[in-house]
Amino acid sequence: MNQELVIKAENVGKRYQLGGRVRYKALRDTLTDLFTSPFRVFRPHSRPFADTPDFWALQDVSFEVKRGEVVGIIGRNGAGKSTLLKILSRITEPTTGRIELHGRVGSLLEVGTGFHPELTGRENIFLNGAILGMKRAEIRRKFDEIVAFAEIEKFLDTPVKHYSSGMYMRLAFSVAAHLEPEILLVDEVLAVGDAEFQEKCLGKMSEVAHAGRTVLFVSHNMSAVQRLCTRGLLLDRGGICFDGPAPEAIRRYLQPSGKEAEKSSRLEWTPRLARYPFHEVVRLKWFRIVDETGAIVDNRLLFNSHQYRALIDADLMQGDARLIFGLSFYDSESHLLLFGTSNHDAGLINFGNRPPGSIQLSMPIPRNLFWNRSYEVELCCCLHYTGWVLSPENESRLAFDFFRDDDLDPYSNPTRAGYLAPVIPWTVKAHASEAE
Amino acid sequence: MTSGSIPSQPPPPATVIQPTHGLRFLDVRDLLHFRELAGFLAWRDIKVRYKQTAIGVLWVVLQPLLLMLAFWLFFGRLARMDQTTGGVPYPLFALAGLLPWQLFSRILNDSGNSLVTNQRLITKIYFPRLLVPLSTVLATLPDFGVGLLLLGAALAFFQVLPGATILFLPLFTLLLLLAALGIGFWLAALNTEYRDVMYAMPFLAQFWMFVTPVVYPAALVPERFRWLLGFNPMAGVVEGFRWCLFGGPAPWALFALSTAVALALLISGTFWFRWRERTFIDTLGG
């Protein structure tokens, strides 16, 4: 029973047509088409604009999912993750291929789909539940549970337009979380909400997963994928480029191979504007590891005998006391080893009374801490309790190898166990009292 | 099974997702499965409609009432239409045409815009798309019910007692719904691709009203050609309403033609909608 297939996808492909005219084509074009070739309009997938270029969002995607598997679908923006979920949830039809689904499918591609701001919390629970595919009786049965999970008892009869965004999200997720499909498709719902909310969502999702349901989970949040998923499906440019254990999929996602890996031996990250658009408080310019002379490290190797620094360059658009920068150090398998922020360790750097302008933060890479291994350092940035400017598990990761070159102890083991090797002063003394 | 938490039930039939080819008509099983949702969507539209208005539901009565008075004054008194109604008081005559007409134009407008206004919903979740224009029809019915009460009051006021023909009123209402739904399906699907529809719709409704015997009786058209009015299904509906309420000779040819045209619109609209359904999600984006 455990080996039962619930999803079987074969050669699934989805083609979109590019070009501005596709969205709102003029009526006269179709009318002209109708007269010049009257039957073509009714051909399946007729293409009124044969001259517009095609774009395959997905191509030749085949995979199988067994009952009870929790599969993380990861990949960069535009890799085809959301298109795949849209096809699986029947929102859009594939252009090629075939998918077999065994069991009731529930999809959660957006938190709060169909919520109406003028309706009360109570009314929206019923409306949203029905939209997600629940029967009226089922919603009534789970009503109290939904309300309790969302913690909105007092505001049940208030229109949701008066809710705080936190309450709104909690209610929306709560309805969706109480849907009990055999196959659950979830798209990036954790991208919103505060840490507490995310924690709650993750807890609920792993509950769902442990109840033997099949979950397909799209996320950019690698620690969430790591926590929830047993298997990872890494998509790249519309195809599956890895299908296997989740940690391996995550590693491949975070460590792009080939040309990009070559490039990343230079320890510098510059945000792509398309991905991190303009932020009203701060605009990140670059993040680098430099040596004593200020030169960027370009062979990914750091020596313990040298003092390196992490530099963060940014434009402060307006002073804001909530602004915090953080650095995370990971081992090569993406376990978080260390985390430090500009407001904890640096004597409370306060950006609240700072005039707008260019700023540079500098943090020394700690010495006598890392061992002869591979590490990764990542920048993150947020407005305290408000939102991420650059959330953790992002693409700013710089991978480096460390060499404890000044360790002169003849008994030292170059492959000593453990990822961190701070210098800890051991002492020993003899028990004088034993002689008595 | 890894745990006992999934209620034991017969294994559900497999859902197969693949590109479909050719024309499709209704998927009745799918529609039935989601029938509650149609009700919920309609309920939402009704609930929200008169929120943040000062007089709320009064609008339902005021709209036809004020129009009836305006028609009576301008068409009835000034244009002397009241001589052509065959003895029926003109306000009553106008109201009997206005009620079905308003329902029709409301459905046209609401269902024509329904896919665009529900864009967020239909690009994020699956359910039979036909439910979207369908639910807007359901949502118009309570207002129509109130309108009928107003009509009853007007009948009492003018002391007009309808004959047994009033039993046919539900049939003509059904005819109205079928025709409106057929056109609504056409417009809704067209609107996702051509926003021209959104701008053409108010004009279409206005034009359509003038070719429908709402303010004037069909009797103004020479009898030999009168049945031709039936190509406009709303002519059949409005004449039908008046026949139900005020009696007189029944224009059967007109009714038959209107029914045929309404059915043709409904069937072609359904096919068209189901045909465009394949791609309009991609056009809507989201």
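## Chain B: overall make-up

In chain B, 80% of the contacts with a separation of 6 or more are between residues 24 or more positions apart; two residues are in contact if their C-beta atoms, placed from the backbone, lie within 7 Å. The model is predicted: local features need pLDDT of at least 70, side-chain atom pairs count only at pLDDT 80 or more, and totals for chains, interfaces and linings use all residues. Residues are numbered from 1 along each chain as its sequence is written, while chains are lettered from A and ligands numbered from 1 in the order in which they are written.

Chain B has 11 helices and one strand, in the sequence order β-α-α-α-α-α-α-α-α-α-α-α. Helices (H or I, at least four residues) and strands (E, at least two) are DSSP runs, numbered from the N terminus. Of the 286 residues in chain B, 41% are buried, where buried means 20 or more other C-beta atoms within 10 Å of the residue's own, exposed means 12 or fewer, and partly exposed lies in between.

Helix H7 (residues 169-193) of chain B packs on helix H8 (residues 196-211) of chain B at about 140°, with the axes 7 Å apart. This angle makes H7(B) oblique to H8(B). Axes are lines fitted to C-alpha atoms, for helices over the stretch in contact, and angles run from 0 to 180 degrees between N-to-C directions; under 35 degrees is roughly parallel, over 145 roughly antiparallel, 65 to 115 roughly perpendicular and the rest oblique. H7(B) contributes Leu187(B), Leu190(B) and Asn191(B) to the contact, and H8(B) contributes Val197(B), Met198(B) and Met201(B).

Lys124(B) sits in the loop between helix H5 (119-122) and helix H6 (131-157) of chain B. Lys124(B) counts as buried because it has 21 C-beta neighbours inside 10 Å. Its C-alpha atom is 9.7 Å from that of Ile281(B), 157 residues apart along the chain.

## The sheet of chain A

Chain A holds an open sheet of six strands in the order E5-E6-E7-E3-E8-E9, with mixed pairing; two strands pair if DSSP finds at least two bridges between them. Its edge strands are E5 (105-108) and E9 (239-245) of chain A, each pairing on one side only. Strand E3 (residues 70-75) of chain A runs parallel to strand E7 (residues 214-218) of chain A, joined by four bridges. Val71(A) stands opposite Leu216(A) in E7(A).

Helix H2 (residues 81-88) of chain A lies across E3, E5, strand E6 (183-187), E7 and strand E8 (231-236) of chain A, at about 145° to E7(A).

## Nonpolar cores

A nonpolar core is a set of buried Ala, Val, Leu, Ile, Met, Phe, Trp, Tyr and Cys residues joined through C-beta atoms within 7 Å. The largest has 147 residues, of which Phe217(A) and Ala180(B) touch the most other members. Beyond its neighbours within four places in sequence, Ala180(B) is in contact with Phe104(B), Ile107(B), Leu108(B) and Val137(B). A second, separate core of 29 residues includes Ile289(A), Ala314(A), Ile365(A) and Tyr375(A).

## Where the chains meet

The contact takes 46 residues from chain A and 37 residues from chain B. On the side of chain A that touches chain B, the elements giving two or more residues are strand E4 (96-101), E5 and helix H3 (121-131) of chain A. E4(A) gives the most, with six residues.

E4(A) is also joined to strand E1 (residues 15-17) of chain B by three bridges, and the two run antiparallel. Ile17(B) in E1(B) is the bridge partner of Ile99(A).
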